[in-house]
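This report goes through selected local features of one structure, grouped by topic. The sequence and the structure come first.

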Amino acid sequence: MQIDANKCVGCGQCRPFCTMGVINFTRSGKGTKVHCYVDEDECVDCGICYRAQVCPVDALHQPLYGWPRSIRGTFSNPLAEHKETRVPGRGTEEMKTNDITNRFKRGFAGMAAEMGRPGTGARMREAEKVFMALAKLGVEFEPNNPLTGLLKDKTTGEMNPEVLNEKVLSAIIEMIIPLDKVIPVLETMERVAEEINTVFSIDLVARTDEDFSVPTARIMNENDKWFSINGKINLGLGHMNVKGAGVK
Ligand code: SF4
Ligand code: SF4
């Protein structure tokens, strides 16, 4: 995002809408004119300031950035769609649509690291650290996830070097793992959390057992790990796929 210094009257109305807090005041014209500018290196191109439509002089301007800068907008702007997955936003289809997609079958868990949040964002080099730590465990990353598409080598977790400095509001590393890998993956994420320069939260999802107990909750309790349990079910009008979900 950019601000046209010639148009901007420095009213500051766009500043509270910035998800990264990167719209700042400055002076120009021998220090007489106060106006705002965007710190473009820290901006994630989410477009919120622009869509807020608060600028009285139409000074905000979203340039058409080329590769690799273009990935900021596709990950951070909820109205943008990833060309590869045709899904808007940060990851693949939501975990809560599992009764339709049947991605997570019995005996397996879905795990994800949600990198970055408003106010912090995440550089791709931080995501790469998590990818590389997980790749050492032989984890298979979700192929339809747009972040996976930026990997140079899925077996080592190395990302395309061109994107490493790019910053996004949030992006999700997703994987499907056997239940016996939940704790090793979790403990790897706990270790790598000490080494990265942003925040992430961890998602863990599994289909309930036949008796409606939650296998991942059992694993977490047995290993004395803290978690917050949520039921996420989208009933919708889709085709139910539960029949094929059972693992012998
Ligand atoms: S595009 Fe987003 S991050 Fe960039 S200045 Fe606007 S609100 Fe802030
Ligand atoms: S709302 Fe418009 S005029 Fe006011 S500070 Fe932001 S860009 Fe400048």
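The side chains of Glu-114 and Arg-117 make a polar contact of 3.0 Å. A polar contact here is a pair of N or O atoms within 3.5 Å; within protein, one atom must be able to donate a hydrogen and the other to accept it, and residues adjacent in sequence count only if both atoms are side-chain atoms. Glu-114 belongs to strand β5, residues 108–115. Helices (H or I, at least four residues) and strands (E, at least two) are DSSP runs, numbered from the N terminus. With a relative accessible area of 11%, Glu-114 is buried. Buried means under 20% relative accessible area, exposed over 50%, and partly exposed in between, with a 1.4 Å probe and protein chains only.

The model is predicted: local features need pLDDT of at least 70 and side-chain atom pairs count only at pLDDT 80 or more, while totals for chains, interfaces and linings use all residues. Residues are numbered from 1 along each chain as its sequence is written, chains are lettered from A and ligands numbered from 1 in the order in which they are written, and side-chain values use heavy atoms, with hydrogens and water left out.

## The loop between α4 and β7

Glu-142 lies in the loop that runs between α4 (124–135) and β7 (151–153). Its relative accessibility is 8%, so Glu-142 counts as buried. The side chain of Glu-142 is joined to that of Arg-103 by a polar contact of 3.3 Å.

Asn-145 is found in the loop between α4 and β7, and at 1% relative accessibility Asn-145 is buried. The side chain of Asn-145 reaches the backbone nitrogen of Leu-147 at 2.5 Å. Met-175 is 30 residues from Asn-145 along the chain, and the C-alpha atoms of the two are separated by 9.3 Å.

## Rings

How many aromatic pairs does the count come to? The count is one aromatic pair. The ring centres of Phe-131 and Phe-141 are 4.9 Å apart and the planes stand at 85°, so this pair is edge-to-face. The pair links distant parts of the chain, with Phe-131 in helix α4 and Phe-141 in the loop between α4 and β7, ten residues apart. Rings of Phe, Tyr and Trp (its six-membered ring) pair if their centres lie within 6.5 Å; planes under 30 degrees apart count as stacked, over 60 as edge-to-face and the rest as tilted. Phe-131 is buried at 0% relative accessibility, and Phe-141 is buried with a relative accessible area of 5%.

Arg-69 has its charged end over the ring of Tyr-65, 4.3 Å from the ring centre. For this, NZ of Lys or CZ of Arg must be within 6 Å of the ring centre and within 35 degrees of the ring normal.

## Ligand surroundings and cysteines

Around ligand 1 there are 13 residues, of which Cys-18, Cys-43, Cys-46, Gly-47 and Cys-49 come nearest. A residue counts as near if one of its heavy atoms lies within 4 Å of the molecule. The shell around ligand 1 holds ten nonpolar, two polar and one charged residues. In this scheme Ala, Val, Leu, Ile, Met, Phe, Trp, Tyr, Cys and Pro are nonpolar, Asp, Glu, Lys and Arg are charged, and the others, Gly among them, are polar. Cys-18 is buried, at 18% relative accessibility.

The residues around ligand 2 include Cys-8, Cys-11, Cys-14, Cys-36 and Cys-55. Its shell divides into ten nonpolar, two polar and no charged residues. At 28% relative accessibility, Cys-55 is partly exposed. The count of disulfides, defined as pairs of cysteine sulfur atoms within 2.5 Å, comes to zero.

## Backbone geometry

Most residues other than glycine have a negative phi, and most peptide bonds are trans. Asp-45, which is not a glycine, has a positive phi of about 60°. Asp-45 sits in the loop between β3 (33–38) and α1 (48–51) and is buried, with a relative accessible area of 4%. Gln-53, also not a glycine, has a positive phi of about 55°. Gln-53 lies in the loop between α1 and β4 and is exposed at 71% relative accessibility.

The peptide bond from Trp-67 to Pro-68 is cis, with omega near 0°. Pro-68 is placed in the loop between β4 (60–61) and α2 (70–76).
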